[in-house]
Amino acid sequence: MSLFWRNFLLLAGLLALSVLAWFQALRTLEQEPRALQSAQALASLVNLTRAALIYTDPIARVALVKTLVDEENVRIAVRDAADEHQPYPPGTLGARVAQALQDKLGPGTIVAREVNGFDGLWIGFAIEDEKYWLLADPSRLAGVQGRTWLVWGATALGLSLLGAVLITRVINRPLQQLAQAARRVGEGDFDGARLDENQPTREIASVNHAFNAMAARLARSEADRRLMLAGISHDLRTPLARLRLEIELGVPDAATRSRMADDVAEVDAILAQFLDFARERPLQMEELPLGLALERAAAPYRGRSDVELHVRCPAELRVRADATVLQRLLANLLENAARHGRSPDGTVRVEIDARRNADGTVALRVRDHGPGVPADALPRLTEPFYRAEAARTTPGSGLGLAIVRRGAERLGGRLTLALAEGGGLEATLHLPAA
Ligand SMILES: Nc1ncnc2c1ncn2[C@@H]1O[C@H](COP(=O)(O)OP(=O)(O)O)[C@@H](O)[C@H]1O
Ligand SMILES: [Mg+2]
């Protein structure tokens, strides 16, 4: 569950409860004064009617009753002991009014919502021994309509939910930005990871400030490391070239000379990796035929009897990449297969296949039949200077896969490593197709 939904549900639940509580409170508060008011009005009506009936002569009485019907919508009927009446259910406004009317007019007063099957607001009263019903307009008792409550309740709830969405968004946004920036730093993009320090809330401003400081420090140390590596490698190459010359000229024994020259070449190759890793030239992206790039990378191995390369790549397959970087990636993968991927029989068998995926990327798979690496070492292979146990005795810098991974990411792709079924390592480059 995302933080947004959790916060939203909590807030929405809280607001819904509070709306409900208000609703109930308003209803209760509104009911009592309304009941007393209605009871007062009805009591006056009953008293007036009673007085009028007592003090008018029989002829005027008929006119009076007619006036009551016309003007007040009130009817008078004689009450019989056999009349069946239904009281208002307890807890309703009607029951409360009945109670208040009995307090005012005496305990003999009856208030009913139905008499002999006729709906209405019936009030039973007596004049001396004669008993009467007074039928009043039941809308006198109607509280605020259910629909009105519903409309107001829905409006309040809707506004609350809207508020909950807004509040949750405000709470979440800085957190989201922080997560995004942290991911960028994780990917090595220090410049894109800057957070806005001009925040209205102090806590978030201080978190963003601390994060920026951390990212800046990481960027500086990364830059320093590269600068140092490049400087050292560069400086070592000059004496190394001199050494090569001195070996050529000064070592008389041919076998020794060749061995020493190999060592020098190896050191030189490691220094070249250091420089590759440390220096990043600006990219020149172009559309390149992948088959051709593969052929060029495979060329050094074509003459070797112990290396078998099987390349399967559709001729028309093209990728968008920087030519130098692409060549370096391929060279490193093939070199690893040739160096670390030897089968038990001493030969190196490498299968290379490329295909275009539906998502507009090209997957280039380089698979050998060597011993592979222990599964737990797999995620670490692309770390700079990491070399699995078995590789410690072979020459190398431990930078090859780090260069491949970073190169692939700079080209907008990625590198995945897996242990192939039946043994061997399987490196797959995902690159944007042209
Ligand atoms: N094809 C492979 N088969 C087995 N192990 C490999 C293969 N490619 C790379 N590795 C392992 O990954 C490590 C890192 O590779 P890399 O960065 O190219 O360094 P290097 O080749 O200089 O040792 C190697 O030292 C080796 O242990
Ligand atoms: Mg390597």
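The protein chain splits into two domains: domain 1 covers 3-147, and domain 2 covers 284-432. Their centres, taken over C-alpha atoms, are 90 Å apart. Keep in mind that this is a predicted model.

Now, ligand 1. Where does ligand 1 sit? The space it takes is the largest pocket. Around ligand 1 there are 18 residues. The closest are H340, D368, R387, G398 and L401.

Next, secondary structure. Which helices each supply at least two residues of the shell? Those are α8, spanning 323-340, and α9, spanning 400-410. The largest share comes from α8, with 3 residues.

On to the polar contacts. One is to a side chain: an N or O atom of N336 lies 2.9 Å from a ligand oxygen. At G398, a polar backbone atom is 2.8 Å from an oxygen of ligand 1. At G400, the distance from a polar backbone atom to a ligand oxygen is 3.2 Å.

How much of ligand 1 does the protein bury? Taken alone, ligand 1 exposes 530 Å². The protein buries 97% of that area.

So, to recap for anyone setting up the site. Ligand 1 takes the space of the largest pocket. Its shell has 18 residues, with α8 giving the largest share. And 97% of the ligand's exposed area is buried by the protein.

Key
Residues numbered from 1 in each chain as written. Chains lettered and ligands numbered in written order. Predicted model: local features only at pLDDT ≥ 70, side-chain atom pairs only at ≥ 80, totals over all residues. Heavy atoms only, no water. Near = heavy atom within 4 Å. Polar contact = N/O pair within 3.5 Å; in protein donor to acceptor, adjacent residues only side chain to side chain. Areas by Shrake-Rupley, 256 points an atom, 1.4 Å probe, with all protein chains shown as cover. 1 Å grid on protein atoms, 1.4 Å probe; cavity = no way out; pocket = protein on both sides within 12 Å on 5 of 7 lines; lining within 4 Å. Sits in = over half its atoms within 2 Å of the grid points. Helix = DSSP H or I, 4+ residues; strand = E, 2+ residues; numbered from the N terminus. Domains from an automatic or database assignment.
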